[in-house]
Amino acid sequence: MFESISQKFLALKEKLRGRTVLSEEEISSAAREVRLALLDADVSYPIVSGFIKRVKEKAAGSKRIKGVDTGDQFIHIVHEELVSLMGSEEPVLNLSHTPTRILLAGLQGSGKTTTAAKMARYFALHDKKRVLLVALDLKRPAAIEQLRILGKSTGTDVFSRAATDPCIVVQYALRETGYDVIIFDSAGRLAVDGELMQELAEVKKICDPQYTLFVANSHLGQDAVNTARTFAEEIGIDGSILTMLDGASRAGAALSIREASGKPLYFEGVGEHLEDLQPFNAKSMADRILGMGDVVNLVRKAKIHIDEKQQEELKKKFLKAAFTYDDYLKQMAMMRRMGSFKSLFKMLPGEMRNMIDEGGAESNFKSMEAMILSMTLKERSGLVELEPSRRRRIALGSGKNIEDVNRLVKDFKKLKQFSKQMPKMKKHFNSTLM
Ligand SMILES: Nc1nc2c(ncn2[C@@H]2O[C@H](COP(=O)(O)OP(=O)(O)OP(=O)(O)O)[C@@H](O)[C@H]2O)c(=O)[nH]1
Ligand SMILES: [Mg+2]
């Protein structure tokens, strides 16, 4: 995601590294590079100009912090400004009104229907809400069926009526009871056209939603931003959702949609699957744009998928040097629940990524898992010494070499040794380290 812009920022950071003070000229030259990077990412000229002005002022006025690299300090200012451009906090939809009505609108193929189903899944899972999806796209023959299929796979009820006027469908849908949230999936429009905008305005009037959300395909860059502005002016929106960020090469839409529409970004779609929706977080987005990984969402994933109690037990065992091969498997299973190694790897900050060989680590994990699974329960719990005959059997069972098994045993012994030292070292570490 955003390789081009993040490469430019990483190069700029490198260029400024080690400087003690930045002269006015150097600030101007660095700001010029930021400007080019943003324009190249398809951020509109007025937004870039305002942004650069603020960065320059802050950089000129900031005192050098002892021990902090000037380059890092400059990038930090850029980061702060990116965050405030995209909205400083993580906005949350207020679902307390029963039912909360949400109308999704946007251009054809922007991801409305998929996002409607993703949101239904998200609200059911995270907010324990009963959601109804309403199909308002009566123009495209397969649209209702598409929503039905998506609803089925998320276990969400879908409301539809064979009608020609979506306003009638809205009226019927509003009679349904027992739902906390109703999401209306409207028909897409190829471009902003008067007739369809009129139809959408009428739908909105009858639906009277708590939120009208504009769904934008991030690939469209400035075009998506301009459309958001038009939707905001003509029908009124309360926020946006960005889709297709998984393949997005340019950050323009993410960077400017809030500023251009004056409304917050609520969610981002990061894949075709129904679980690929996450709350929009400006800090996480700024991190990704600057090539710093996505620690915000990594931690969020960890919170959802990692069993805290089990993690606490593992930590205790580790500190007592009682960590076994079995524990290692449990740890790995928890990590797996968070996603593929590849997807997690992408979320790490660049510096950390450089320290890990992605392919090597993945295959290493897999072969370690295969070897541990080839051990007997006794062996896994560390109750028996792994003498050569056992090691040969494990190698055979897992399709690995005896050297691989030797390495696993050696690494494990080292890890145990290390964990024995941990209590002594722990006071020097921040407790969040483990
Ligand atoms: N990779 C990726 N694909 C997505 C994402 N969101 C939606 N899609 C895909 O984009 C295509 C269009 O999505 P739809 O949800 O049908 O878009 P729509 O806005 O409802 O389209 P219309 O109803 O025709 O206006 C589908 O193939 C989706 O699977 C995303 O975040 N990432
Ligand atoms: Mg649709």
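How do the residues of the shell around ligand 1 divide into nonpolar, polar and charged?

1. The model is a predicted one, and the shell around ligand 1 in it is made up of 12 polar, six charged and three nonpolar residues. Among the 21 residues around ligand 1, those that come nearest are Gly111, Thr113, Thr114, Gly188 and Gly269. The element that gives the most to this shell is helix H5 (residues 112-127), which supplies three residues.

2. As for the chain as a whole, 20 helices and eight strands are found in it, and buried residues make up 37% of its 434 residues. Of the contacts in the chain with a separation of 6 or more, 75% are between residues 24 or more positions apart.

3. Helix H10 (residues 252-261) deserves a separate comment, because nine of its 10 residues are buried and the helix is therefore largely enclosed by the rest of the structure. After H10 comes glycine 262, which has a positive phi, near 75 degrees.

4. Two packed helices are described by the angle between their axes and the distance between the axes. For helix H1 (residues 3-16) and helix H4 (residues 70-86), the axes come within 7 Å and cross at roughly 145 degrees, and the crossing is right-handed. The residues that meet are Phe9, Lys13 and Leu16 on the H1 side, and Thr70, Gly71, Asp72, Phe74 and Ile75 on the H4 side. By class, the residues of this contact of H1 with H4 are four nonpolar, two polar and two charged.

5. H4 also packs against helix H11 (residues 282-289), at an angle of about 135 degrees and with the axes 8 Å apart, which means that H4 lies oblique to H11. The crossing of H4 and H11 is right-handed. From H4, the contact with H11 is made by His79, Leu82, Val83 and Met86, while H11 contributes Ala282, Lys283, Met285, Ala286 and Ile289. The contact of H4 with H11 has seven nonpolar residues, together with one polar and one charged residue.

Conventions
Residues are numbered from 1 along each chain as its sequence is written. Chains are lettered from A and ligands numbered from 1 in the order in which they are written. This is a predicted model: local features need pLDDT of at least 70, side-chain atom pairs count only at pLDDT 80 or more; totals for chains, interfaces and linings use all residues. Axes are lines fitted to C-alpha atoms, for helices over the stretch in contact, and angles run from 0 to 180 degrees between N-to-C directions. Helices (H or I, at least four residues) and strands (E, at least two) are DSSP runs, numbered from the N terminus. A crossing is left-handed if the near helix is turned anticlockwise from the far one by less than a right angle, and right-handed if clockwise. Two residues are in contact if their C-beta atoms, placed from the backbone, lie within 7 Å. Ala, Val, Leu, Ile, Met, Phe, Trp, Tyr, Cys and Pro count as nonpolar, Asp, Glu, Lys and Arg as charged, and the others, Gly among them, as polar. Angles under 35 degrees count as roughly parallel, over 145 as roughly antiparallel, 65 to 115 as roughly perpendicular and the rest as oblique. A residue is near a molecule or strand if its C-beta atom, placed from the backbone, lies within 6 Å of it. A residue is buried if 20 or more other C-beta atoms lie within 10 Å of its own, exposed if 12 or fewer, and partly exposed in between; C-beta atoms are placed from the backbone.
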